[in-house]
Amino acid sequence: MTTLAERLDKIERGEWRKQRAIISKGKEEFWTFIEAIRVVRDRRLYREEFKSFEQFVEQECGFKRNYINKLIEASDVKQELGTIVPKLSKAAEIQTEGQLRELTDVPKDELENVVEKAAVGIRAPLGDRVGHGPEGAGPTVADEAADSTL
């Protein structure tokens, strides 16, 4: 068990709980925001006020189109994981959009196996384990998943 360096007083503890609730709500609202951007992009709802989707996301959202599209892909993985994560161990839950983006190239039929193996910490950071690792790093979880289905 880790020993904490400093205890919070009663006021700070209350502030800590308040800020954690905001952060938790913000994480969910973030994915709602990404889904709204997807709808705007897919239905081209920006076209009355903006010349392009790129112009819309840069001016309205402050992001580059490429990054938004990566977040939308990560959202797809998040939705797919929503159907398989309840079957996996608690450790298999993905915590960040960066982790989700690392999984966007994993075929859907291999996703459950890749996430389960990644959760137990096989060999390398998540990016390395899903096929994005440096050359010579050895087999990735995606490679092992493919081998185990042979």
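I began with the pairing rule: rings of Phe, Tyr and Trp (its six-membered ring) pair if their centres lie within 6.5 Å, and planes under 30 degrees apart count as stacked, over 60 as edge-to-face and the rest as tilted. I note that the model is predicted, that local features need pLDDT of at least 70, that side-chain atom pairs count only at pLDDT 80 or more, and that totals for chains, interfaces and linings use all residues. Residues are numbered from 1 along each chain as its sequence is written, and side-chain values use heavy atoms, with hydrogens and water left out.

**Entry: aromatic rings**

I looked up the aromatic pairs and found 6 of them in the structure. One of them joins Tyr46 and Phe53, whose ring centres are 6.0 Å apart with 55° between the planes, a tilted pair. For accessibility I used these classes: buried is under 20% relative accessible area, exposed is over 50%, and partly exposed is in between, with a 1.4 Å probe and protein chains only. Both Tyr46 and Phe53 are buried. I then turned to Phe63 and Tyr67, which form a tilted pair at 5.6 Å centre to centre, with 40° between the planes. Phe63 counts as partly exposed because its relative accessibility is 27%. Tyr67 is also partly exposed, at 29%. I recorded one aromatic cluster as well, made of Tyr46, Phe50, Phe53 and Phe56.

**Entry: Ile68**

I took helices and strands as DSSP runs numbered from the N terminus, a helix being H or I with at least four residues and a strand being E with at least two. Ile68 sits in helix H3, which covers residues 65-84. Is Ile68 buried or exposed? I found a relative accessible area of 0%, so Ile68 is buried. I next asked which residues Ile68 touches beyond its neighbours within four places in sequence. With contact taken as heavy atoms within 4.5 Å, the residues are Ile37, Phe53, Val57 and Phe63.

**Entry: salt bridges**

I counted a salt bridge where a side-chain nitrogen of Lys or Arg lies within 4 Å of a carboxyl oxygen of Asp or Glu. The count comes to 5.

I looked up Glu29 and Lys25, whose side chains meet at 3.7 Å, N to O. Both residues lie in helix H1 (residues 10-43), 4 residues apart, about one turn of the helix. Glu29 is partly exposed because its relative accessibility is 44%, whereas Lys25, at 54%, is exposed.

Which parts of the chain does the salt bridge of Asp76 and Arg38 link? The two side chains meet at 2.6 Å, N to O. This pair links distant parts of the chain, with Asp76 in helix H3 and Arg38 in helix H1, 38 residues apart. Asp76 has a relative accessible area of 35% and is therefore partly exposed. Arg38 has 12% and is therefore buried.

My last pair was Asp42 and Arg41, whose side chains form a salt bridge at 2.8 Å, N to O. Asp42 is partly exposed at 48%, and Arg41 is partly exposed at 24%.
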